[in-house]
Amino acid sequence: MNYIWEAALAADKENIPREEMQYCPVQNGSPYAEVVLENINSRGIESTQVEVNPLYRFAKEFSSVFDRNLEGYEQTRNLFFDIVMHYMVQADLRQGLSKQEYCLRFLLMDLLDGVCGSQAAQAILCFEKKKLYRLLCMIFKLYQCGSSILLFREVMRDMYPDSFVYVSNDRIRQVLVYIGVEETEVERIRMGFLQDLFLPIYFEVFLFWEHHFGIIGIEETMKIEDMVLF
């Protein structure tokens, strides 16, 4: 880990909000790295307080402010440094963003602000960060192509790798969904969101959580106590 944006991404992986990160100028750090860690090869963050060498990339801006011979206003200077570093993290991470990346960010902001309803705002918070980006890509694709059973299958496979989506041959617009996870309140919120968003309202949907429904001829689905009748 070398740059402050790498520390921010490491915090994301550990579900630490970036607002809780605190960047402070290091007193005795390496001149060859921006982020100063005890273990130079560390890939994670050791705490929410990150020591940063202010002269590694920003010597021109900070050399006079953080001169070792300068005394006084330490708290003010450290607060100023923390604010600037938070801004620089955002600037670093936005470099090279495509048009689609910006669209996804605005889409997430709209969902969190309740533009699509309070239920959607609640549901979007139930998805882990690792899956949230992929979900936003699917929603963006939904806006471009419209709803379809194929897109619903794709998003289900991304959100629930063990899931299967079946379309009934006997009844038009009947969909059977094996999810492959335990039924909980959070999972019900997630599935309700995916179902409402990616499937037309006139579809009849049956959900199967932990146990698959029995299919004659498929031994994996016909195990006693591991199957449900439909």
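Arg190 counts as buried, with a relative accessibility of 9%, where buried means under 20% relative accessible area, exposed means over 50% and partly exposed lies in between (1.4 Å probe, protein chains only). This is a predicted model, in which local features need pLDDT of at least 70 and side-chain atom pairs count only at pLDDT 80 or more, while totals for chains, interfaces and linings use all residues. Residues are numbered from 1 along each chain as its sequence is written, and side-chain values use heavy atoms, with hydrogens and water left out.

**The surroundings of Arg190**

- Arg190 is found in helix H8, residues 185-198; helices (H or I, at least four residues) and strands (E, at least two) are DSSP runs, numbered from the N terminus.
- Leaving aside its neighbours within four places in sequence, Arg190 is in contact with Cys126, Phe127, Glu128 and Tyr160, where contact means heavy atoms within 4.5 Å.
- A polar atom of the Arg190 side chain lies 2.5 Å from the backbone oxygen of Cys126.

- Three strands form an open sheet in the order E1-E3-E2, with mixed pairing; two strands pair if DSSP finds at least two bridges between them.
- Strand E1 (22-25) and strand E2 (35-36) stand at the edges, each with a single partner strand, so one side of each is left without a neighbour in the sheet.
- Helix H3 (residues 74-94) packs on the sheet and touches E1 and E3, its direction making about 120° with that of E1; such angles run from 0 to 180 degrees between N-to-C directions, and axes are lines fitted to C-alpha atoms, for helices over the stretch in contact.
- E2 pairs with strand E3 (residues 49-52) in the antiparallel sense over two bridges, and the bridge partner of Val35 in E3 is Val52.
- In helix H1, the buried residues are Ile4, Ala7, Ala8, Ala10, Ala11 and Asp12, and these buried residues pack against E1, E2, E3, H3 and H6.

**The crossing of H4 and H6**

- The axes of helix H4 (residues 99-112) and helix H6 (residues 129-145) come within 10 Å and cross at roughly 100°.
- That makes H4 roughly perpendicular to H6, since angles under 35 degrees count as roughly parallel, over 145 as roughly antiparallel, 65 to 115 as roughly perpendicular and the rest as oblique.
- The residues of this contact divide into 12 nonpolar, one polar and one charged; Ala, Val, Leu, Ile, Met, Phe, Trp, Tyr, Cys and Pro count as nonpolar, Asp, Glu, Lys and Arg as charged, and the others, Gly among them, as polar.
- Among the residues that meet here are Leu104 and Leu108 in H4, and Leu136 and Phe140 in H6.

- Strand E4 (residues 164-167) and strand E5 (residues 174-178) run antiparallel and are joined by four bridges, and the bridge partner of Tyr166 in E5 is Leu176.
- Most residues other than glycine have a negative phi, and most peptide bonds are trans.
- In the hairpin of E4 and E5, which has six residues between the strands, Arg173 takes a positive phi near 65°, and Arg173 is partly exposed, with a relative accessible area of 45%.
- Asn15, in the loop between helix H1 (4-13) and E1, also has a positive phi, near 60°, and counts as exposed at 57% relative accessibility.

Technical notes. Polar contact = N/O pair within 3.5 Å; in protein donor to acceptor, adjacent residues only side chain to side chain.
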